[in-house]
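Dear colleague,

Please find below the sequence and structure that I am handing over to you. My notes on what was found follow directly after.

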Amino acid sequence: MLPGYLLVRYFRRKNYLETGRGLCFPLVKVCVFGNEPKASDEVPLAPRTEPAETTPTWQALKLLFCAVGLQVSYLTWGVLQERVMTRSYGATATWAGERFTDSQFLVLMNRVLAFIVAGLYCLFCKQPRHGAPMYQYSFASLSNVLSSWCQYEALKFVSFPTQVLAKASKVIPVMLMGKLVSRRSYEHWEYLTAGLISIGVSMFLLSSGPEPRSSQATTLSGLILLGGYIAFDSFTSNWQDALFAYKMSSVQMMLGVNFFSCLFTVGSLLEQGALLEGTRFMGRHSEFAAHALLLSVCSACGQLFIFYTIGQFGAAVFTIIMTLRQAFAILLSCLLYGHTITVVGGLGVAVVFAALLLRVYARGRLKQRGKKAVPIESPVQV
């Protein structure tokens, strides 16, 4: 905060703060200190909007729309993610083709499209007055870029089912980050379900043999990358929870985080000289260009489905849908890409998803009893 304080003193000496003159100070003020909310600009952020004339049939249709939208968006996203990172492009009878290796370029495409979608949404739909200092988004943005990079890179070393199961187990580091960042306390059943998730993941990893293209060393590299993904993603969700204290909407959060993500990834790619190479790869392989674009569209649309589903039906329903999506993603990956899962590994998967559903059930019971449960983690970035 010292640089911001010095800037304020400079502008005061120039008489810009008191008179409001100058073009730079409003920008500096928004970036460093944010805006004070005004009562006239407040937009109620009710978690749900249920009109009086809503019928059970209409609610069921909306729930079906949300479930199908989430499943289609993220199942397609998962299939394309594995296709882009693990398969070759341009293969012929005499040439094995080439693989796309720059995960940062994919992260950039995802973030640019998400930024555009969030910007258009904020432009045409009324939003609360923005009050958070802009620089605060950079922390969540940097950790989000790093988690996405680890997620893509891990697919070079471990199977997609392993990655999905690792994502399902991120409840454990999220709880740890919650204690460190937000000073949260947790119930006994939350520790119990976290332990069951650990057991299930261990059963799956210890029973599943290595992929044909993997060695023990590469599998270890993949697990380290998955650990990085989980750690960075846990920090992102907890930092975003703290930012929501500024009474912003989820789409504003999406816009701010993706803005800095675009800056970080473009700067990194330019510094490495990889931006032009990624563009050339798209030019050489139109199939890759279509896959990367569809991957980004599914990611951006999926985030909008997340916000709409939570707003209409709450976080518990959303979590159930996404838990089922993870199970479907493992099944779909095994069918399309030939991954094998042993009986013990299958039991481990069942234990993980049973523990996740148990968490949803326990939170629902606490809510019925009027107790305050720890909020369900709602991913703003995927």
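**Findings**

Gln-163 is buried, with a relative accessible area of 0%. Please note that the model is a predicted one. Gln-163 belongs to helix α7, which covers residues 160–168. From there, the side chain of Gln-163 reaches the backbone oxygen of Gln-151 at a distance of 2.7 Å.

A second point concerns the surface. Trp-58, Leu-61, Leu-64, Val-68 and Val-72 make a nonpolar surface patch of about 480 Å². One of these residues, Val-68, lies in helix α4 (residues 56–86). Its relative accessible area is 42%, so Val-68 counts as partly exposed, between the limits of 20% and 50%.

Helix α15 runs over residues 343–368. Its 26 residues should span 38 Å at 1.5 Å a residue, and the end C-alpha atoms are 37 Å apart, which agrees. The buried residues of α15 include Gly-345, Gly-348, Val-349, Val-352, Phe-353, Leu-356, Arg-359, Val-360, Arg-363 and Leu-366. In general, an α-helix has 3.6 residues a turn, so residues three or four places apart point the same way.

Lastly, the cysteines. How many disulfides does the count come to? The count comes to zero, taking a disulfide as a pair of cysteine sulfur atoms within 2.5 Å. Cys-262 counts as buried because its relative accessibility is 11%, under the limit of 20%. Cys-334 is also buried, with a relative accessible area of 17%.

With kind regards

Note on methods
Residues numbered from 1 in each chain as written. Predicted model: local features only at pLDDT ≥ 70, side-chain atom pairs only at ≥ 80, totals over all residues. Heavy atoms only, no water. Patch = residues over 30% accessible without salt bridge, like charges linked within 9 Å, V, L, I, M, F, W, Y side chains within 5 Å. Areas by Shrake-Rupley, 256 points an atom, 1.4 Å probe, with all protein chains shown as cover. Salt bridge = Lys/Arg side-chain N within 4 Å of Asp/Glu carboxyl O. Helix = DSSP H or I, 4+ residues; strand = E, 2+ residues; numbered from the N terminus. Buried < 20%, exposed > 50% of the residue type's maximum accessible area, 1.4 Å probe, protein only. Expected span 1.5 Å × (residues − 1). Polar contact = N/O pair within 3.5 Å; in protein donor to acceptor, adjacent residues only side chain to side chain.
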